[in-house]
Amino acid sequence: MARSMYSYTKSVLERVSFDPNLFCKELEKALKILLPYEVDQLTEWLLQFTKEKPELKQCLIYIN
């Protein structure tokens, strides 16, 4: 079964979460290619994921 873009995006974001600048760049790219319902899913995931990583909260401006 093919991997969804949403799942792929999540795994990329998890891997680059050590660097807030890189995380923001990858998030920006993802928002351009994901479908609207996937953006909604990603937004929910991001809100949970960034609770544990406050240094990444600056990137949430891209989803608002």
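Let me start with burial: buried means under 20% relative accessible area, exposed means over 50%, and partly exposed is in between, with a 1.4 Å probe and protein chains only. By that rule valine 12, at 13% relative accessibility, counts as buried.

Before going on, some housekeeping. What you're looking at is a predicted model, where local features need pLDDT of at least 70, side-chain atom pairs count only at pLDDT 80 or more, and totals for chains, interfaces and linings use all residues. Residues are numbered from 1 along each chain as its sequence is written, and side-chain values use heavy atoms, with hydrogens and water left out.

OK, back to valine 12. It lies in helix H1; helices here are DSSP runs of H or I, at least four residues, and strands are runs of E, at least two, numbered from the N terminus.

H1 covers residues 5-15, and its axis comes within 10 Å of the H2 axis, crossing at roughly 170 degrees. That makes the two helices roughly antiparallel. For the record, axes are lines fitted to C-alpha atoms, for helices over the stretch in contact, and angles run from 0 to 180 degrees between N-to-C directions. Angles under 35 degrees count as roughly parallel, over 145 as roughly antiparallel, 65 to 115 as roughly perpendicular, and the rest as oblique.

Who makes the contact, meaning heavy atoms within 4.5 Å? From H1 it's Met5, Thr9, Val12 and Leu13, and from H2 it's Phe23, Glu26, Leu27, Ala30 and Ile33. By class that gives seven nonpolar, one polar and one charged residues. The classes go like this: Ala, Val, Leu, Ile, Met, Phe, Trp, Tyr, Cys and Pro are nonpolar, Asp, Glu, Lys and Arg are charged, and the others, Gly among them, are polar.

Now glutamate 26, which sits in helix H2, residues 20-33. Leaving out residues up to four places away in sequence, glutamate 26 touches Val12, Leu13 and Val16. Its side chain also joins that of lysine 29 through a polar contact of 3.2 Å. A polar contact is a pair of N or O atoms within 3.5 Å; within protein, one must be able to donate a hydrogen and the other to accept it, and residues adjacent in sequence count only if both atoms are side-chain atoms.

Next, the disulfide. How many are there? The structure holds one, where a disulfide is a pair of cysteine sulfur atoms within 2.5 Å. The partners are cysteine 24 and cysteine 59, with their sulfur atoms 1.9 Å apart. The pair links distant parts of the chain, 35 residues apart: cysteine 24 in helix H2, cysteine 59 in the segment after helix H3 (36-49). The torsion about the S-S bond is about -85 degrees, so this disulfide is left-handed. Buried or exposed, those two cysteines? Both are buried.

Staying with that segment, have a look at proline 20, another residue of helix H2. Setting aside residues up to four places away in sequence, proline 20 touches Glu55, Leu56, Gln58 and Cys59. At 21% relative accessibility, proline 20 counts as partly exposed.

Last stop, phenylalanine 18, in the loop between H1 and H2. At 66% relative accessibility, phenylalanine 18 counts as exposed. Its C-alpha is 9.3 Å from that of glutamate 55, which is 37 residues apart from it along the chain.

That's my tour, thanks.

Technical notes
Contact = heavy atoms within 4.5 Å.
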